[in-house]
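Hi everyone, thanks for coming.

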Amino acid sequence: YTAGGSSGAAKVVAAGLLTVGGGVGGTILYAKWDHKFRAAVENNVPYSDWLLGLALGPAYQGDIMKQVRMDSQHVWVIIADSVVAPHTELPLRERPVEEVAARLAQQDQKEQDTLSSVSASLEECLASSAKATLQAIGAQEAAVQAITQHIHKLKEAMEAEVPPPEKSSQWKDLEAALADRTSAVNDAETALLKAKEALDSLKSEIDKSKGLKVSAVRPLVLAAEENLHNMVVDLDRVVTKLQSAESESKIVSQYSDLVNEAKLQFQREVSSLTPEIQANWKGLTGKLSADDLNALIAHAHRRIDQLNRELAEQRVREQIHIDASLEQQKLEDQKALEKAVLTAVQHIKEDTRLEQERKLSELREVMEAEMRTQLRRQAAAHTDHVQDVLKVQEQELRADAEQVLGSKLLEQETSYRQLSQEQLDNFTLDMNTAYARLKGMEEAIDSHVVAEEEARKAHQLWLSVEALNYSLKMADADSPTMPLESAAQAVRDSCHDNDFALALATALPEESLQRGVYSEASLRARFNALRALVRRVALVDETHNSLYQYFLSYLQAALLFEAKQEAPPGQLCSEDLDPFRLLSYASFCLEHGDLELAAKLVNQLRGEARRVVEDWLTEARLTLETRQVVSLLSAYANAVGLGTTQAP
Amino acid sequence: MSEKELGKKWDRCLADGAIKFGTGLGLGIVFSVLFFKRHTWPISLCSGAGLGMAFSNCQNDLRSSYLLHRSQKEQ
């Protein structure tokens, strides 16, 4: 059972621990998730903040606040950006006049530079292209010359009947001429190419300068273009001449070729007929026989027939050939015409374009002149307007300035007046203060004198009071002091104008004046002697005053022991009115120098004891009274003395 | 001095007592011798009477300050 019990207990303990652990863990997890819950738990459950801090780290102080702050910051940033963005635009500002002038000057300078450069380049190009063109033209002309020469020579060679050596020289000349022609033609071609190149470059240059869009360049450009055009035209003309010469030469060469061919054919025929005959058929005379001659004549007849037939054929074909050639020529002519037309059209186009450009430039100049006049007129109008506006402004500004001047003057006047008034006031103030100070000083001096007088008197009073005090102190042990009359008189003398002191001085009791007072020590001694007596008659009073009572009282005194001295309480209760107690209190007071309290206490005695201490009490009263008066006087004298004494 | 008064009173008392006692004693002796056959009782009687008178006087003297005297009453 115990085992079961213990297991049951263990089960309970385990369940309890599990519950507690689960509760704590759940609390911690939930606190981790929900901060308000965490705060609530920390506030209400002591030491939970420590535990939660240990488990989760410090709580987020104002986590929510931070989020809010971040959001607001975003919003603020957005707002700030949108506000700031418009401000980043640069305001358009008017360029100042100097800048404009500078820019214009700069622009002019640039124009000038470009103009000069362009003109230089154009001139250069023009020069080079002119040179090239001239060269080309010269070459072409030379080529034409060479061609014509060659043709002429060829014709001569074809048709002239000259002896063989000359023929050979002629052929040599012809060959030379041919060589010349070919070289001339080549030169012409190269020159033409060069010229064309130069012209192309010039054209590109012109285009480039046109692309610069500078107005001053235009006339130059125009001139260059015209030159170019002329050069192109000349070149083309020369080229056509060359081409025609070439075509002619071709015809002539063809003709010469044909003739050569016919010659060769005939020679071949003759050689075929008579192989032993030499090539040059013109030198055939004398070497041939009759057969050869017959054969030759037959051949010749045959040849003549053939030729006649060929001629007839040729005549027939001639027409066709002529037609064909006419056609061809027509075609070629057409082509040439087309080409010529094209070139002419191009030239005309160029001309017209140049004309247009020239007209445009003229017009532009005219427009510019007009614009200038208009601008001048506008400038004049503007200056007039500006003058008017300036006049008006001047008026306004003058009025403003005068107003400002008037107000400032007024201000100055008022301030000056104010200052002078102030000065005056200050002066009067100073005078017043000086006068017041003077008066004050006089008063001070007077009061000083008075005060000194007072001080002297107070001093005297004090001295007399001190004398009185001294005489009061100078008392022998058992005898009273000397009579205080003289001292009191001295005091009275020294204060006959002071009511307070006078009253005090007269308040001294007669006894003290006549007889003097006992000192405290003597009173103390007397009391000590009295004490025993009072103890002995403690029980005797008005009702109990038989001798038996006396006996009892004496017995009580013998048997009762009380404290020699006992500190009196603040308030007397009914028990303290016991004579023995009173005596011990009074003794204590006397020992401590408090005569007044001792007298008060002794005053509480009743009956016989009271009768016994009556004299002592009166003496004590007297002493006290005198002492009081004297102390008052002394205090008064001290006060007066302090009041009048001047510190060094 | 008021404190001396009591002493004075006691002095008077004692003096008075002594006198009265002595006187009583004498008278007692006289009487005892003369009239009462030398008995002691008249001696003690007279001395006692003397003492008693002294006592009474002393008491009266001591009380006197508390009693209103005729002169005072009249005043």
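This is a predicted model: local features need pLDDT of at least 70, side-chain atom pairs count only at pLDDT 80 or more; totals for chains, interfaces and linings use all residues.

Chain A has 648 residues, and 25% of them count as buried. Its secondary structure comes to 16 helices and 0 strands. If you take contacts in chain A between residues at least 6 apart in sequence, 69% of them join residues at least 24 apart.

Now, which elements give two or more residues to the largest nonpolar core? That core has 36 residues, and A:Leu122, A:Ala143 and A:Leu235 are among those with the most contacts inside it. The contributors are α5 (97-159), α6 (164-211) and α7 (218-273) of chain A, with α5(A) giving the most, 15 residues. Zoom in on A:Leu235: beyond its neighbours within four places in sequence, its contacts include A:Thr133, A:Ile137, A:Leu192 and A:Leu199.

Apart from that core lies another, of 33 residues, and its members include A:Leu523, A:Leu533 and also B:Leu62.

That brings us to the two chains together. The contact takes 20 residues from chain A and 14 from chain B. About 1,500 Å² is buried between them, with 58% given by carbon and sulfur atoms. On the chain B side, B:Glu3, B:Leu6 and B:Tyr66 lose the most area, together 43% of what that side buries.

One to click on is A:Arg526 with B:Glu3, at 2.9 Å, N to O. The largest share of chain B's touching side, 6 residues, comes from α1(B).

Happy to take questions!

Terms used: Residues are numbered from 1 along each chain as its sequence is written. Chains are lettered from A and ligands numbered from 1 in the order in which they are written. Side-chain values use heavy atoms; hydrogens and water are left out. A nonpolar core is a set of buried Ala, Val, Leu, Ile, Met, Phe, Trp, Tyr and Cys residues joined through side-chain atoms within 4.5 Å. Buried means under 20% relative accessible area, exposed over 50%, partly exposed in between (1.4 Å probe, protein chains only). Helices (H or I, at least four residues) and strands (E, at least two) are DSSP runs, numbered from the N terminus. Contact means heavy atoms within 4.5 Å. Buried area is the accessible area (1.4 Å probe) that two parts lose on being put together, summed over both. A salt bridge is a side-chain nitrogen of Lys or Arg within 4 Å of a carboxyl oxygen of Asp or Glu.
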